[in-house]
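Please put the model up on the screen.

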Amino acid sequence: MKDKIYILKDVIKNYGDKTACHLSYLEIYRGEVLGIIGPSGSGKSTLLRLLNFLERQTYGSIIFDGNTFDGKSHVPLTIRRRMTMVFQNPMLLKTSILNNVAYGLKLRNMKYPKSEAATLLRRLGMESLVSADASNISYGEAQRVALARALVLRPDVLLLDEPTANLDPYNVGVTEDLILRAKEESGATIVVVTHNVFQARRLCDRMVFLLDGKEVEVGPTEELFTHAKDPRTIAFIGGDMVY
Amino acid sequence: MDELASGIWQAVKLIGTLDPEVRSIALFSLQVSGLALLLAAITGIPYGIWLAFSRFPGRKILIGFTYAGMAFPTVVVGLIVFLLLSHNGPLGFLGWLFTPFGIIAAQFLIGFPVVASLTMAAILGLNPEMRLQLQSLGATRVQISITLLREAKVAMIVAMAAAFGRVVTEVGAVIIVGGNIAGSTRVLTTAIVLETRKGDFDSAIALGVILLMISFSINLIATRLQGKALAR
């Protein structure tokens with residue numbers, strides 16, 4: 001029996017009278033890479049924000065590592081700090097790259113945050129950025145810095161929202177390598193939102209296909225690619241428009 | 001023109017010789033306005049952040065009132081503070097009327113809406129997703145607020161400079177609440193009014209020049225603090 005880090009039960013997220021996400025049941029296993037795929041507006045990013053407790057569900061419960069949270073219950077800082085998210089459009093602080101990567105460590109009053117940040121940047125092959133200023137780097141570099149800023153915290157859960165959107169093929173490859181290295185080295189649970197099914201195939205152990213905020217199909221990546229049961233999953237993976 | 005030139009020359013002499021009375025009035029002005037600004041910052045910055053972040057019914061009305069406070073006639077502020085602090089007023093027991101505390105209270109009420117409104121505008125001017133990204137990195141509310149204030153550094157410096165400019169150059173409220181008592185509640189602006197009424201234009205211009213120098217110095221410091229951002 002696999003160890004579950006998240007269980008989502010009847011989770012509904014409404015914005016006014018519009019339902020952005022409605023999941024009847026979803027399990028996320030510790031240490032896996034779970035891909036959330038689906039067309040634009042299918043609720044992928046909303047689900048990621050719910051998992052990060054950045055937004056709270058209107059109904060239902062999210063069980064994180066044995067702790068149950070409904071939409072109104074307080075999420076302790078110790079729980080929130082076990083997970084972090086890399087956004088589609090990472091925003092770096094107006095300071096050096098080193099300070100940006102060390103930021104989360106400083107929040108946690110860790111010793112030698114800059115030294116740890118510099119070590120990680122070098123280990124990830126970003127030594128040229130150590131002394132750079134955040135205002136002078138490219139979008140692709142900013143995306144990698146945002147990933148480093150998250151990895152340096154050694155989170156139990158790493159949430160990635162379209163981590164390679166708007167990147168050129170070279171930077172896509174570099175970023176995917178970083179994600180796979182993070183999985184191997186830290187054993188973190190990684191949830192990655194993407195609408196690139198081929199990227200999901202390269203990165204993910206399992207996938208969940210969302211449509212209109214609901215889970216259509218969940219399963220091991222290769223199984224969904226070769227033996228998907230739902231015709232909408234087959235169509236989406238096959239590159240067809242799905243509504 | 002002769003009066004103006006003579007006044008400026010007089011100012012140079014008064015400043016150059018460190019005239020004790022002028023020095024004491026200038027220092028007193030800086031002290032009361034500085035304290036009023038400090039109090040406005042301590043309360044106005046958190047209030048501005050709260051207004052920017054919170055969502056509740058009536059928020060827009062409260063924001064409207066706060067903005068309106070920036071344009072509130074200072075004489076009316078003085079009148080309100082006078083009535084509050086007067087012997088029969090609800091705060092009369094404090095005994096602050098015609099004391100520096102009364103002036104600080106009036107200047108605080110004038111500076112507070114400037115600090116609060118410009119803080120809120122500075123925070124709202126940042127990308128709203130920045131807050132979520134900081135939260136996701138494990139920041140508490142206080143840590144998020146401090147980080148956002150740093151990100152909005154340039155706007156915050158402008159807010160402080162604007163608030164200080166408004167309180168240090170204020171005259172109506174200070175005269176009503178302070179009474180312009182020599183050696184006790186006389187500040188640069190009220191001293192200028194007095195010297196003008198007496199017909200001592202040299203001294204009035206001299207004090208005016210000092211007031212201008214204070215305003216320019218504060219803004220020069222603010223410009224310097226904005227640093228690299230102005231070079232972009």
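Start with α2(B), which bends by about 30° at Gly44(B), the bend being the angle between axes fitted to the seven residues ending there and the seven starting there. A proline, Pro46(B), follows within four residues. This is a predicted model, where local features need pLDDT of at least 70, side-chain atom pairs count only at pLDDT 80 or more, and totals for chains, interfaces and linings use all residues. Residues are numbered from 1 along each chain as its sequence is written, chains are lettered from A and ligands numbered from 1 in the order in which they are written, and side-chain values use heavy atoms, leaving out hydrogens and water.

Helices (H or I, at least four residues) and strands (E, at least two) are DSSP runs, numbered from the N terminus. Helix α2 of chain B covers residues 20-53. Its 34 residues reach 48 Å from first C-alpha to last, close to the 50 Å expected, which is 1.5 Å times one less than the number of residues.

What does α2(B) pack against at about 100°? The partner is helix α7 of chain B, residues 141-151, with the axes 11 Å apart; axes are lines fitted to C-alpha atoms over the stretch in contact, and angles run from 0 to 180 degrees between N-to-C directions. The two helices, α2(B) and α7(B), are therefore roughly perpendicular, a label for 65 to 115 degrees. Ile45(B), Ile49(B) and Phe53(B) of α2(B) meet Ile144(B), Ser145(B), Leu148(B) and Leu149(B) of α7(B), with heavy atoms within 4.5 Å.

Now the hairpin. Strands β1(A) and β2(A) pair in the antiparallel sense over ten bridges; pairing takes at least two DSSP bridges. Two residues lie between the strands, and Gly16(A) has a positive phi near 65°.

Key. Parallel < 35°, antiparallel > 145°, perpendicular 65-115°, else oblique.
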